[in-house]
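Work through the exercises below with the coordinates open. Try each task before reading its solution.

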Amino acid sequence: MNTKLKQSVVKAGKGIWSSIPILLGVILLVSLISAIIPTSAYSFLFKNNYLVDSFIGSSLGSVLAGNPITSYIIGGELLKQGVSLLAVTAFIVAWVTVGLVQLPAESMLLGKKFAIIRNITAFIFSIIVAVVTVVVAGLI
Amino acid sequence: MKKEKSYSGWYFLGGVFLAYIVTLFIDSKKISSALNFFSTTIVKVIPIIFLVFVLMALTNYFVNHKTLVKYMGKKSGIKGWIISIVAGIISTGPIYMWYPLLSELKKQGVRKGLISAFLYNRAIKIPLLPMIILYFGLVYTIILTVVMMLLSVVQGLIIEKILSKK
C-alpha cells in the first residue's frame with residue numbers, strides 16, 4: 001500500500017472514529033423518542049387552521065426523526081383524519097430537513113452557528129415549500 | 001481547546017445514557033422498545049458507515065484541496081450547486097451518517113451553502129419516490145421535488161449571507 005493511500009485510509013478512519021460517540025448518541029436518542037411518543041398521538045395536535053396547522057406540522061416534523069417512509073405513513077394517516085395537505089406537507093418536509101434530535105451532532109461536526117441557522121431556515125422553508133407545493137398543485 | 005472538542009461527543013453520549021436510565025425508572029417497557037428500534041437501526045446503519053468511510057478515504061486520496069475548491073469552493077458557481085443537489089439526492093442512509101464527511105469537506109473549503117443544499121436534498125430519495133407517489137400522488141410529488149431542489153439553493157445562499165455577517 002503506498003503512503004498516500006495509507007494516509008488517506010488512516011485519516012478517514014480517524015474521522016469516523018471521532019464521530020462514533022455522536023452517531024451512537026443520535027441513534028439511541030432517535031430510538032428513545034420513537035418509543036416514547038406513539039404515532040396515534042399526533043393528530044390531536046392539529047386545530048383545523050391552515051396557518052396554525054402548518055406551523056404545528058413543521059414543529060412536529062422537526063422534533064421527530066427517522067426513516068422518511070414513516071413520515072409518509074403518518075402524513076397519509078393525518079390526511080385521512082382530515083388534517084390539511086398544507087400541514088402534512090410541512091410535516092413531511094420538516095421531518096427530513098430539520099433535526100432537533102440530530103442538532104447536537106450537527107453542531108459538533110459542522111459548527112454550532114451553521115447548525116442552528118440551517119435548522120431555523122429549514123424550519124421556515126418547510127412551511128414555504130408546503131405553501132408553494134400546495135398552491136401550485138392546486139392550480140394544475 | 002482541541003482536547004475539549006474531542007470529548008464533547010462522549011459527553012453527549014453520556015447524556016443520552018442518562019435519559020435511558022431516567023426512562024428505565026419511569027417506564028421500563030419503553031426501554032426495551034427503544035433498544036429494539038436501536039438494534040434494527042444499527043444493523044441498517046453499519047453498511048452506510050462503511051460506505052461513508054470508503055468515500056472519505058477516496059476523497060482524501062483522489063480529490064486534492066485545489067480541485068475541491070474549484071468545483072465546490074466560493075467561486076464554484078452553478079456547477080457546485082448541481083453537484084451538491086445531485087449528491088444529496090443519491091446519498092443513502094440517515095442524514096447524521098454524512099456529518100463526518102461533510103465536516104471534512106467544510107474544513108477543506110467547500111461552501112457552507114453547498115453543504116446546506118446537500119443536507120436539504122437528502123429529503124428527496126429516488127427509491128422512496130414510489131412510496132410518496134402512492135400516498136400523495138404523482139403531480140404533488142413532482143412539484144414537491146422541484147420546489148425543494150430550487151429552494152435548497154435559496155436556503156444555501158441565505159445561510160451564507162447570515163454566516164458572512166457574523
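The model is predicted, so local features need pLDDT of at least 70, side-chain atom pairs count only at pLDDT 80 or more, and totals for chains, interfaces and linings use all residues. Residues are numbered from 1 along each chain as its sequence is written, while chains are lettered from A and ligands numbered from 1 in the order in which they are written.

**Exercise 1. Describe the fold and dimensions of chain A.**

Step 1: secondary structure. Helices (H or I, at least four residues) and strands (E, at least two) are DSSP runs, numbered from the N terminus. Chain A has 6 helices and 0 strands.

Step 2: dimensions. Along the principal axes, the C-alpha atoms of chain A fill a box of roughly 60 × 35 × 25 Å. The radius of gyration of chain A is 19 Å, whereas a compact globule of 140 residues would come near 14 Å. That radius is taken over C-alpha atoms, and the globule rule is 2.2 Å times the number of residues to the power 0.38.

Step 3: burial. A residue is buried if 20 or more other C-beta atoms lie within 10 Å of its own, exposed if 12 or fewer, and partly exposed in between, with C-beta atoms placed from the backbone. In chain A, 50% of the 140 residues count as buried.

**Exercise 2. Which element gives the largest share of the side of chain B that touches chain A?**

Step 1: count both sides. Chain B gives 59 residues to the contact, and chain A gives 56 residues.

Step 2: α2(B) gives the largest share of the chain B side, 15 residues.

Step 3: The chain B side divides into 42 nonpolar, 10 polar and 7 charged residues. Here Ala, Val, Leu, Ile, Met, Phe, Trp, Tyr, Cys and Pro count as nonpolar, Asp, Glu, Lys and Arg as charged, and the others, Gly among them, as polar.

**Exercise 3. Characterise the packing of α4(B) and α6(B).**

Step 1: geometry. Helix α4 (residues 77-90) of chain B packs on α6(B) at an angle of about 30 degrees, with the axes 7 Å apart. Axes are lines fitted to C-alpha atoms, for helices over the stretch in contact, and angles run from 0 to 180 degrees between N-to-C directions.

Step 2: residues. Trp81(B) and Ile85(B) are among the α4(B) residues that meet α6(B), where the partners include Leu114(B) and Phe118(B).

**Exercise 4. What do the buried residues of α5(B) pack against?**

Step 1: list them. They are Tyr99(B), Pro100(B), Leu101(B), Leu102(B), Ser103(B) and Leu105(B).

Step 2: find the partners. The buried residues of α5(B) pack against α1 (3-36) and α5 (103-110) of chain A, together with α2, α3 (65-72) and α6 of chain B.

Step 3: check what follows the helix. After α5(B) comes Gly109(B), with a positive phi near 105 degrees.

Technical notes:
Contact = placed C-beta atoms within 7 Å.
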